[in-house]
Amino acid sequence: MNTQIKKITPESLEMAKNLLLEGQVVAFPTETVYGLGAYAYSQEGIARIYEAKGRPSDNPLIVHIAPNFDLSQIAREVPEGAKALMERFWPGPMTLIMPKNRETIADTVTGGLDTVAIRMPSDPSAMALLSYTGMPIVAPSANTSGRPSPTSAMHVYEDMQGKIPLILDGGSCQVGVESTIVDLTDEKPLVLRPGGITLEMLREVIPEIDLDPAVKQVRSVDASVVPKAPGMKYRHYAPKGYLILTQETPEEVARDLEEDLQTISGDKLGVIATDEFWQEMLKAAPQLEGQVAMISLGSRRDDMETVAKRLFAALRQADELTLSRFYGEAFSREGVGEAVMNRFRKASSEWRER
Ligand code: TXA
Ligand code: MG
């Protein structure tokens, strides 16, 4: 199959609509990451998503809707507290879990669950597609299962070339990490996946909301604590090399790298960190320059939003550079740092605490 990449125009939107109606899959940008979209009522389209991604079928999909969409088409009830969140954060990077409308939402969308995940994206391209088609569109992140989520049309092309007919190109994603998933269907309101809408922001509306216990642990998944979002149990975002996520100081990482250079031969070494971290490292060990690849997450003077925006591209770059052993700078879990550390941790093979 020939995969076309097209900017958003009336023609490309019409093409996307026809493809979706035919049960085909179309990739499109959102403010978080690119999605692999299918018409939510098309069994063929849904099946093609799982096939193109190589995704386990027990991992449910998020239904994306336009601002004027009638929720009762897909949800049988709006949970208490959800209205206030929708008013505050929709359109935007927040997904809400609701009891599903069993007549319209198939088990193939929800992995057999009785709930459905719903999101109203704010990205202008995503909005254009959803409004133009008027369709509810199911979309997981448009990466091959297990790879870092795509934050540009080129990332999607890397993974989906030859597998899907169309990629709508809306440039780089503004947020860079997937939406915050909020579940209000149980007694205790929970964040099932941290994202661009932070816990602090949610607490302004629902003070008692908390992180799912499985998300709270920074260490790799303890099998006894099962995450409520099925997708959160997979390792995910995994680069090909061995990533050590570390709270060590730049000086300590410099020492680690010098040791690696002496003891391990044939390894390609690197660091994913802010510019300031790298500068400190070089001050401690100038000889590392040229021997160790630097992948920048931006300047710390900017903020965690910049780090979030760059993280997935950085992980893909590590693969491109064929790094076999590399270090990642750990951040504070405040604000969007929670989402950054959640994804970074899932991508890493080792976690070093101070
Ligand atoms: O930002 C996003 O949410 C992106 C863009 C494309 O919108 N989409 C995305 O989809 O991240 P995906 O499929 O990569 O992640 C969906 C997550 C999975 O962890 C899945 O298990 C969870 O949502 N999920 C979906 N339906 C659920 C449900 N009914 N109950 C609990 N978790 C659910
Ligand atoms: Mg995903």
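**Pocket, helices and loops**

Modeller: This is a predicted model. Start with the largest pocket. Its lining holds 44 residues. Lying nearest its centre are Arg55, Asn59, Pro60, Ile181 and Arg193.

Colleague: What makes a residue part of that lining?

Modeller: A lining residue has an atom within 4 Å of a pocket point. The pocket itself has a volume of about 710 Å³.

Colleague: Which strands each supply at least two residues of the lining?

Modeller: Strand E4 (62-64), strand E6 (115-119), strand E9 (180-183) and strand E10 (190-193) do. The largest share is four residues, and E6 gives it. By class, the lining has 19 nonpolar, 16 polar and nine charged residues.

Colleague: Which residues make the contact of H11 with H12?

Modeller: From H11 come Met304, Val307, Ala308, Leu311, Phe312 and Leu315. From H12 come Gly337, Val340, Arg343, Phe344 and Ala347. The classes are nine nonpolar, one polar and one charged. Gly counts as polar, and Arg counts as charged.

Colleague: Why are H1 and H5 called oblique to each other?

Modeller: Helix H1 (residues 10-21) and helix H5 (residues 124-133) have axes that cross at roughly 60 degrees. The axes come within 10 Å. Roughly perpendicular runs from 65 to 115 degrees, and roughly parallel needs an angle under 35. The H1 and H5 angle is therefore oblique. This crossing is right-handed.

Colleague: What makes up the contact of H1 with H5?

Modeller: H1 brings Leu13, Glu14, Ala16, Lys17 and Leu20. H5 brings Ala128, Leu129, Tyr132 and Thr133. They divide into six nonpolar, one polar and two charged. Glu and Lys count as charged.

Colleague: Next, the loops. What is omega for the cis peptide bond that joins Trp90 and Pro91?

Modeller: Omega is about -5 degrees. Pro91 sits in the loop between helix H3 (82-89) and strand E5 (94-99).

Colleague: What is the phi of Thr322, and where is the place of Thr322?

Modeller: Phi is positive there, about 50 degrees, although Thr322 is not a glycine. Thr322 lies in the loop between H11 and strand E15 (325-329).

Key: Residues are numbered from 1 along each chain as its sequence is written. Chains are lettered from A and ligands numbered from 1 in the order in which they are written. This is a predicted model: local features need pLDDT of at least 70, side-chain atom pairs count only at pLDDT 80 or more; totals for chains, interfaces and linings use all residues. Side-chain values use heavy atoms; hydrogens and water are left out. On a 1 Å grid over the protein atoms alone, a cavity is a set of points where a 1.4 Å probe fits but cannot get out, and a pocket is an open set with protein on both sides within 12 Å along at least five of seven lines; lining residues have an atom within 4 Å of a point. Grid points are joined across faces, edges and corners, and a volume is the space filled by probe spheres set on the points. Contact means heavy atoms within 4.5 Å. Axes are lines fitted to C-alpha atoms, for helices over the stretch in contact, and angles run from 0 to 180 degrees between N-to-C directions. Angles under 35 degrees count as roughly parallel, over 145 as roughly antiparallel, 65 to 115 as roughly perpendicular and the rest as oblique. A crossing is left-handed if the near helix is turned anticlockwise from the far one by less than a right angle, and right-handed if clockwise.
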